[in-house]
There are 2 protein chains.
Amino acid sequence: MDYYICLDIGGTNIRAALFNNKDIHPIKQIKIKTRSEGLKAEGQIINIIKDIWPIKGTVKAIAAAAPGFVDSEKGIIIKAVNIPGWENFPLQKYIQDKFKVPVLIGNDARLAVLGEWKYGAARGHHNVIYLTISTGIGGGVIINDQVLMGSRGMATELGHTIVLPNGPICSCGQAGHLEAISSGPAIARYVQQQVNNGVQSSLKLTAQITSKEIAEAAFRGDELCISAFERAGTYLGIAIANFIHIFNPTCITLGGGVSLTGDLLLKPTKKVLNEVILSNEYIKDLSITTAEFGDNAGLIGALVLIKNRDL
Amino acid sequence: MDYYICLDIGGTNIRAALFNNKDIHPIKQIKIKTRSEGLKAEGQIINIIKDIWPIKGTVKAIAAAAPGFVDSEKGIIIKAVNIPGWENFPLQKYIQDKFKVPVLIGNDARLAVLGEWKYGAARGHHNVIYLTISTGIGGGVIINDQVLMGSRGMATELGHTIVLPNGPICSCGQAGHLEAISSGPAIARYVQQQVNNGVQSSLKLTAQITSKEIAEAAFRGDELCISAFERAGTYLGIAIANFIHIFNPTCITLGGGVSLTGDLLLKPTKKVLNEVILSNEYIKDLSITTAEFGDNAGLIGALVLIKNRDL
């Protein structure tokens, strides 16, 4: 039987899934730490591929969803902030040299939109914007049933668009990006700053406080925590309005842990979206959906990438 | 012989060009006022088409470049701020009913990018962003040799993306749009406000002052006027950086009167672009070109629209 191996490489974990050529449900899945006992990410990638390699049958292709700025044409990770040392790292060649099968790589969010559009929350739509809101904010766009890649596969860095000039500093070092205001760590950072400024909160602050804990406090009625999500949602709404005016889609799919807070984030998002939209014509037939595949969207998208190339 | 009639409908003038089926240079061109002696724009459109209609031969199709928010699928002008009364105006059907030939309509900037990409400053590129900076700021985008239209042909309203939340009010009524900061009238408005606030300038201010006069004063060394273009250029640079991170193009083509001021606008644009770009990889092979067709880009684009449909 023919098999495909798909990877989703994150800053914390690397996940691998083994698919046969008939099904989008993986036969097997493994997860390991991205860095472990002195092993670097690239070593762990080799380990996880060996682990998931089928005993019988043929692996026809490997596809990897990778974080950061990915040149999928050349197969290079230009920069991945969360993986130390990955600057102009030739990931595709690196895996191909070891395993001698065709390897494809893509940015994780751009592969996730492919998965959600082909099999998930955006299926049936021809023009889709996908945003994953978690530690970072990633973006993927479908235009006329094609993933927007750009000239070198570096398009749709939607989280790294400026929504507030001279605003908070982003993980990438730039100021005022959507990710620097509406991602999980950005929400946590805002709450910490406000508490440091003397704003009252029911939260017991720790250095490691997460947006999930802030969401829980908001659900209990903590005003600072509610306002932190309002701020994140407001800028998310501004960004989504911009993306709608740029792409005129029929579907927006939201994934990532922060979007799971539901109305806490999305009510202010939709409020500002309605206020700043150029015309009701842009939104009257617009679906706003929640990603179906969650953490697996990148793996499913990697599988679609392989199938699209007939590998 | 077979002919095509192309129109470019503006807030001030309507221009018509007659093409044969062999050449992109018009056989004949006419320009009339958009409104004249009580005649509305729609009446003037009929007049100019009658005027340019060839005595012999067959008109195979008419295509019109129109301002504002255009639903090119349904053939409707959703809203054109500069043409009173044009709200959900069925322009395509209106012309078709009178002249009984196939009619296509498109947003002027989206047609202009088609013209510049097919025959002008962006030819040979596969991924292009076009911005026309004049009374308004219009945008057009080519992705893999296709114009980005969106689900209803309402995409790439690049001038109506928010670059400064709660910033100056735009012609469309929204706040903080690129057009509200970097268009000609926005530059003039900023200078007027600064003078009203007591800032010194060599300019003799009138209510009708234009960005062209401000550019001339800037070239003479007027500091306020220089700073007005610096401000416009800075936000233009922020917007262009966003568009580059969204589209990863190889060519940016700038048209419109304000872009003719050259370095006055573009030096601060390029400065900020270099500062805020995510990686040099996005810009090292990027061409920034000046539109070749000027005012004719929309007419040429309308012709390409007809040719693409084999009409």
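A residue counts as buried when its relative accessible area is under 20%. The exercises below concern a predicted model.

**Exercise 1.** Determine whether Cys172(B) is buried or exposed, and how far its sulfur lies from the closest cysteine sulfur.

*Solution.* The relative accessible area of Cys172(B) is 18%. Because the cut-off for burial is under 20%, Cys172(B) is classed as buried. Next, the closest cysteine sulfur belongs to Cys170(B), at 3.8 Å. A disulfide requires sulfur atoms within 2.5 Å, so this separation is too far for a bond. Finally, a search of the whole structure gives zero disulfides over all chains. In chain A, Cys225(A) is likewise buried, with a relative accessible area of 0%.

**Exercise 2.** Describe how helices H5(B) and H7(B) pack.

*Solution.* Two packed helices are described by the angle between their axes and the distance between the axes. For H5 (residues 184–196) and H7 (residues 223–247) of chain B, the angle is about 135 degrees and the axes are 10 Å apart. H5(B) is therefore oblique to H7(B). The crossing is right-handed. From H5(B), the residues in contact include Ile187(B), Tyr190(B) and Val191(B); their partners in H7(B) include Leu224(B), Phe229(B) and Arg231(B). Classified by type, the contact of H5(B) with H7(B) comprises eight nonpolar, two polar and one charged residues.

**Exercise 3.** State where Ala297(A) is placed and which residues Ala297(A) touches.

*Solution.* Ala297(A) belongs to helix H9 (residues 297–308) of chain A. With a relative accessible area of 1%, Ala297(A) is buried. Leaving aside residues up to four places away in sequence, Ala297(A) touches Leu111(A), Ala112(A), Gly115(A), Glu116(A) and Tyr130(A). The C-alpha atoms of Ala297(A) and Asp108(A) are separated by 8.5 Å, although the two are 189 residues apart along the chain.

Key. Residues are numbered from 1 along each chain as its sequence is written. Chains are lettered from A and ligands numbered from 1 in the order in which they are written. This is a predicted model: local features need pLDDT of at least 70, side-chain atom pairs count only at pLDDT 80 or more; totals for chains, interfaces and linings use all residues. Side-chain values use heavy atoms; hydrogens and water are left out. Axes are lines fitted to C-alpha atoms, for helices over the stretch in contact, and angles run from 0 to 180 degrees between N-to-C directions. Helices (H or I, at least four residues) and strands (E, at least two) are DSSP runs, numbered from the N terminus. Angles under 35 degrees count as roughly parallel, over 145 as roughly antiparallel, 65 to 115 as roughly perpendicular and the rest as oblique. A crossing is left-handed if the near helix is turned anticlockwise from the far one by less than a right angle, and right-handed if clockwise. Contact means heavy atoms within 4.5 Å. Ala, Val, Leu, Ile, Met, Phe, Trp, Tyr, Cys and Pro count as nonpolar, Asp, Glu, Lys and Arg as charged, and the others, Gly among them, as polar. Buried means under 20% relative accessible area, exposed over 50%, partly exposed in between (1.4 Å probe, protein chains only).
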